[in-house]
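Colleague: I am new to this structure and would be grateful for a guided discussion. May we look at it together?

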Amino acid sequence: MKRTVKTQRTPKVRRLNLAEWLYAFWKFSRPHTIIGTSLSVLGMYLIAFDAQIALSQLPTNVRASFADSSLIERMVHWLNPPLQPLLLAWIACLCGNIYIVGLNQLEDVEIDKINKPHLPIASGDFSQRTGQILIAITGILALVLAGAAGWYLFGMVAISLAIGTAYSLPPIRLKRFPFWAALCIFSVRGAIVNLGLFLHFNWLWQGVSGIPSSVWTLTLFILVFTFAIAIFKDIPDLEGDRQYHITTFTIALGKEKVFNLALWVITTCYIGIIIAGILGLPSVNSTFLISTHLLLLALLWWRSRQVNLQDKSAIASCYQFIWKLFFLEYILFPVACLLG
């Protein structure tokens, strides 16, 4: 017998005051993704700036003198970076982020009424028309600002928006397919954003497009880590995805298998970066890198033992914890570069 989908009643759009509207917009932007995007821009900026200091086109004797200088002297340079490139890239990436998550909400209204009823379109805080205007404005702004900043940033933003559109928008709607959905998420978050941002900042400051081993290491870490996020995010959304025929790894494999898979993928990330620290990365403080990631690995396994897979709120809380580990990487790795 053919399975039917029960359509949820569309909530009446509420009139909001300014504070309520801004809060609804904050929810529309998906705060955890905004924080992740902001930290990735800041992290790659700091790594590129540190590389520019260490490898600046100065006479060899000056460059050698700086490499031997104290941490405090290097901090003086760090505390006086050019902020315009950072702000322009940050705003462009934030606009791109809002476009991608906003488009997904516009296409997933019925599913969100089950899985995420607090989101503004699903709850009636925003109308479909408001959502369409917001993504049109942010999408255009992202491309215009990125184009004004430079070709590397423009290419990164344009590719990210294209993949985000293909992820959510029919008739392609890649989120229907587990493999392609995961590929969209970890390719953008893991590779395209990191490499594009570093190339952008590095080109602005040095006029070169090389990528050091430290950036490749961070990119590989984030790439694999984001795969874990991509498969984990569907565990609390099982009910709505099943009702609306969205095939996910959770539906195909079950909650427990996907949870354990995500746990071991993240564990592999931490073990890999610890090994990289042991082998030694140029301009990275290995002691700091190894010790912090050993601590986070232990914290991950302790936290995983607290999760009840039958409790949707517990799963959602663990998902947010994984995002916090993701945020931390964009803080710890640049610090390791500074200390190196």
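Colleague: What share of the contacts in the protein with a separation of 6 or more is accounted for by residues 24 or more positions apart?

Modeller: This is a predicted model, in which local features need pLDDT of at least 70, side-chain atom pairs count only at pLDDT 80 or more, and totals for chains, interfaces and linings use all residues. Residues are numbered from 1 along each chain as its sequence is written, and side-chain values use heavy atoms, with hydrogens and water left out. A contact means heavy atoms within 4.5 Å. For residues 24 or more positions apart, the share of contacts with a separation of 6 or more is 78%.

Colleague: How many helices and strands does the protein have?

Modeller: Helices (H or I, at least four residues) and strands (E, at least two) are DSSP runs, numbered from the N terminus. On that basis the protein has 16 helices and zero strands.

Colleague: How are α11 and α16 oriented relative to each other?

Modeller: Axes are lines fitted to C-alpha atoms, for helices over the stretch in contact, and angles run from 0 to 180 degrees between N-to-C directions. The axes of α11 (residues 213–232) and α16 (residues 312–339) come within 11 Å and cross at roughly 170°. Angles under 35 degrees count as roughly parallel, over 145 as roughly antiparallel, 65 to 115 as roughly perpendicular and the rest as oblique. Therefore α11 and α16 are roughly antiparallel.

Colleague: How many residues of the contact of α11 with α16 are nonpolar?

Modeller: Residues of α11 including L218, F221 and F225 meet residues of α16 including I322, W323 and F326. Ala, Val, Leu, Ile, Met, Phe, Trp, Tyr, Cys and Pro count as nonpolar, Asp, Glu, Lys and Arg as charged, and the others, Gly among them, as polar. Beside three polar residues and one charged residue, the number of nonpolar residues is 15.

Colleague: Why does R30 count as buried?

Modeller: R30 is found in the loop between α1 (18–28) and α2 (31–54). Buried means under 20% relative accessible area, exposed over 50%, and partly exposed in between (1.4 Å probe, protein chains only). R30 counts as buried because its relative accessibility is 17%.

Colleague: Which side chain of opposite charge is nearest to R30?

Modeller: Lys and Arg count as positive and Asp and Glu as negative, while His and the chain ends are not counted. R30 has no salt bridge, defined as a side-chain nitrogen of Lys or Arg within 4 Å of a carboxyl oxygen of Asp or Glu. At 6.3 Å from R30, the nearest side chain of opposite charge is D112.
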